[in-house]
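Please look over the sequence and the model before reading on.

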Amino acid sequence: MTATTSPVLSPNRISAPISAPGERFRAARRQTMQLSKPLTAEDMMVQSCAEASPAKWHLAHTTWFFESFVLREFLPGYRIFHADFAWLFNSYYESFSAIPEKRLRSSFSRPGLDEILRYREHVDAAMERLFEQEPEAEAWLRIELGANHEEQHQELLLTDILHAFFTNPLKPKYRDQGTKGTREQENRERGSKGARELPAPLGFQQFEGGLREAGNAGNGFCFDNELPRHRVWLEPYALANRLVTCGEYAEFMADGGYQKPEFWLSAGWDAVKHNGWRAPLYWSEDGGDQRECDQKECEWSVFTLRGERPLKELAATPVSQVSFYEADAYARWAGRRLPTEFEWEAAVEGQPVEGNLLDSSSLMPIPAKDFVQNENGAKHQDQETTKYYGDCWVWTSSAYLGYPGFHPLDGTLGEYNGKFMSGQMVLRGGSCVTPPAHIRASYRNFFAPETRWQFSGIRLAK
Ligand SMILES: [Fe+2]
């Protein structure tokens with residue numbers, strides 16, 4: 001339970017201090033509270049799978065990060081809110097303190113939600129005092145890291161509550177479908193009320209390959225795992241112009257995709273048998289309006305943050321909540337493959353970050369379509385350009401490893417990314433619940449290949 005002094009961050013690993021001091025911190029803190037608004041205190045206690053944490057824990061842990069790595073070292077006279085919180089809300093920093101078992105987080109009925117909210121207020125007020133004192137550059141670097149850390153937990157809060165509500169027999173909605181959102185979302189709503197949405201025809205964008213550079217180019221914040229920038233060789237390749245849709249994935253299922261071992265990696269086939277996988281995580285056969293079914297696919301329904309939806313409505317929507325093994329098996333079945341992380345990065349470098357991210361308020365993938373066909377057969381142009389960001393993180397065929405010359409941050413914060421570089425695959429591009437300021441071309445997400453509770457989908461390559 002003793003805390004060690006955390007290290008000095010190297011400015012060449014976490015780059016320039018933020019341009020609007022404190023504003024990124026305040027925005028991240030506000031956004032977390034905004035996302036937790038639809039939740040009751042009871043919702044915030046649920047931890048429904050091994051990967052997830054209770055929302056209340058996310059509120060506390062993100063606060064713990066600023067207290068532990070910023071205030072304790074850089075605000076003279078800072079008063080710790082509660083001595084036990086220093087270890088109770090530590091996630092995995094072994095060199096910092098003792099750590100409670102992750103599966104026990106749902107047992108933290110004490111401290112209560114009120115006390116966690118007071119903890120947040122205590123730390124936020126102390127941070128404001130720190131800003132008034134014009135902290136040193138090292139403190140700013142840690143504050144920016146803490147804001148990015150909080151954004152990661154915003155995405156986790158939403159993916160964890162989606163799983164929690166999926167396991168609730170009442171299948172509650174995090175947000176009603178009627179909430180006003182983006183033009184794309186309104187199109188989706190329109191599509192579910194009569195118009196039959198069709199996905200954009202699947203095409204491939206060709207890239208020359210050759211000698212390229214990968215890794216963060218140094219213009220702004222990045223994590224240590226995005227460095228150093230280094231050369232990579234790419235053979236000529238092509239990437240699909242959109243993500244694989246639910247309708248296409250249903251065809252894989254109907255063709256016996258989950259029954260034919262020839263499509264699967266050995267470990268993937270073991271996972272299919274061991275877990276009884278028959279469909280993506282949130283697909284179930286007992287939901288939806290059976291009376292409207294006119295084909296096999298609409299016997300399925302898909303659970304989303306906006307409640308349960310018939311698969312029929314989502315046929316043109318990117319498939320989500322699939323594991324690396326399922327993504328890989330689908331690609332084999334389709335006669336394609338998954339992209340490497342460097343093929344994806346080379347394709348998007350220099351492009352603006354645009355796509356269905358958290359700021360769209362869709363809270364679920366939406367169709368990439370070049371036309372909508374209504375009941376009378378009329379079509380109109382909608383979204384014609386390839387968007388590589390948002391909707392779902394895409395599984396790549398790249399193992400999550402350190403780049404040549406990689407050095408984790410020194411000391412305790414070196415545990416942030418580096419120690420997970422074993423047995424995990426890289427995902428790229430962000431999802432419908434990724435804050436837009438959080439994602440970039442060099443950003444590397446990573447999960448174990450059997451992981452399914454994230455918004456993880458498929459972009460084909462050849
Ligand atoms: Fe964390």
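A crossing of two helices is called left-handed if the near helix is turned anticlockwise from the far one by less than a right angle, and right-handed if clockwise. By that definition, helix 1 and helix 5 make a left-handed crossing. The model is predicted. The points below cover the helix pair and then the iron ion.

**Helix 1 and helix 5**

- Helix 1 spans residues 23–36, and its axis comes within 9 Å of the axis of helix 5, with a crossing angle of roughly 15°.
- Because angles under 35 degrees count as roughly parallel, helix 1 is roughly parallel to helix 5.
- On the helix 1 side, the contact is made by R24, F25, A28, R29, Q31, T32 and L35.
- On the helix 5 side, the contact residues are I143, E144, A147, N148, E150, E151, Q154, L157 and L158.
- Sorted by class, this contact between helix 1 and helix 5 has seven nonpolar, five charged and four polar residues.

**The iron ion**

- Three histidines are the protein donors of the iron ion: H61, H149 and H153, each through NE2, lying 2.2 Å from the ion.
- Along the chain, the donors follow the spacing H-x87-H-x3-H.
- Helix 5 covers residues 137–167 and holds both H149 and H153, which are four residues apart, about one turn of the helix.

How values were computed
Residues numbered from 1 in each chain as written. Predicted model: local features only at pLDDT ≥ 70, side-chain atom pairs only at ≥ 80, totals over all residues. Heavy atoms only, no water. Donors = N, O, S within 2.8 Å, 3.2 Å for Na, K, Ca; no water. Helix = DSSP H or I, 4+ residues; strand = E, 2+ residues; numbered from the N terminus. Axes fitted to C-alpha atoms, helices over the stretch in contact; angles between N-to-C directions. Parallel < 35°, antiparallel > 145°, perpendicular 65-115°, else oblique. Contact = heavy atoms within 4.5 Å. Nonpolar A, V, L, I, M, F, W, Y, C, P; charged D, E, K, R; others polar.
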